[in-house]
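Subject: Model for you, with notes on aromatic contacts

Hi,

Here is the structure I promised to pass on. Please open it alongside this message.

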Amino acid sequence: MKTPILHILFLLILFATFTSNAQVGINTTIPNALLEIKSTNQADPLTTDGLLIPKVDRFSLTNPGVDQQGMMVYLTTTDGSNTPGFYYWDNTALPSPKWVAIGSDEPATPSHHIGELFGGGIIVYLWKEAGIEKGLIASLVDMGGSAAVAWSGNTTVSVLPASYNIIDGRSSTTAIVAQNGTPNRAATLCDSYSVTSGGITYDDWYLPSIWELHQLFNAAFVVNTILGAADGFKFNNYWSSTEVSLDRASFFYFAQGYSFNNPKSSLCRVRAVRRF
């Protein structure tokens, strides 16, 4: 019976030692802080001389709370707009708690800007939906090169009301192409456009709605400053995907900043857009 008793006494003494000494040392018997970890050899360290924190392939679907304030993880793969790296949980962040990338003053969700070359084009407008940043991107060149093109060669068939969308040009473009997918027409040129940037191919371009086209004009000063006169917006009429009637569609005049409508057979310039 003596051996078990000695074991119990030893454990009690060991426990008392750890609880009475708030400092813990690894590879050192005299820690200089609450926790001090020393390498095996500071001058010639081993490959294992380091500290690994928990790795995660994605953030938890349930956000941490106030008790996890400052908790740190290493994200191993891209999760949404968050790229691999070290993150900590900031429960005091405004307007809502979030994971924040370590080593940057920026939030974990990257912030973009108008005029940024991104996503195969140039950003012309930004907004947020449920706290997630969204953006409208214009192509870096006009479709069809320097040539102005007709909206449609068919003025006897309308795709209204599907094409009368002043906000979302994607749905209008889809309807127009399905009805009249004539090559070298405004909607088809945008729908068939594809560009590869940074090893990624972007092929989801479309003819902007009239409201989206307004945003391109609003960003024209920045866009033309970045891209220059050769690739920037021209002082011409640009087609939108917003159909007005059987034989007319909306355009925007970039020289003076107003929109109106033209016969579909009229020749206007075309700039494709996409969203992120």
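Below are my notes on its aromatic rings.

Bear in mind that this is a predicted model. It holds 14 aromatic pairs.

Start with Trp-89 and Trp-99. Their ring centres are 5.4 Å apart. The planes meet at 65°, and over 60 counts as edge-to-face, so this pair is edge-to-face. The two residues are ten apart in the chain. Trp-89 sits in strand S5 (residues 85-90), Trp-99 in strand S6 (residues 98-101). Both Trp-89 and Trp-99 are buried.

Next, Phe-217 and Phe-254. Here the centres lie 5.7 Å apart and the planes are at 90°, so this pair is edge-to-face too. Phe-217 belongs to helix H4 (residues 210-218). Phe-254 is in the loop between strand S14 (248-253) and strand S15 (258-263). The pair therefore ties together parts that are 37 residues apart in sequence.

How exposed are these two? Phe-217 has 25% relative accessibility and counts as partly exposed, because that value falls between the 20% limit for buried and the 50% limit for exposed. Phe-254 is buried, at 6% relative accessible area.

Phe-217 and Phe-254 are also part of a cluster linked by ring pairs.

The charged end of Arg-274 sits over the ring of Trp-205. Its distance from the ring centre is 5.9 Å.

Best wishes

Note on methods:
Residues numbered from 1 in each chain as written. Predicted model: local features only at pLDDT ≥ 70, side-chain atom pairs only at ≥ 80, totals over all residues. Heavy atoms only, no water. Phe/Tyr/Trp six-rings, centres within 6.5 Å; stacked < 30°, edge-to-face > 60°. Helix = DSSP H or I, 4+ residues; strand = E, 2+ residues; numbered from the N terminus. Buried < 20%, exposed > 50% of the residue type's maximum accessible area, 1.4 Å probe, protein only. Lys NZ or Arg CZ within 6 Å of the ring centre and 35° of its normal.
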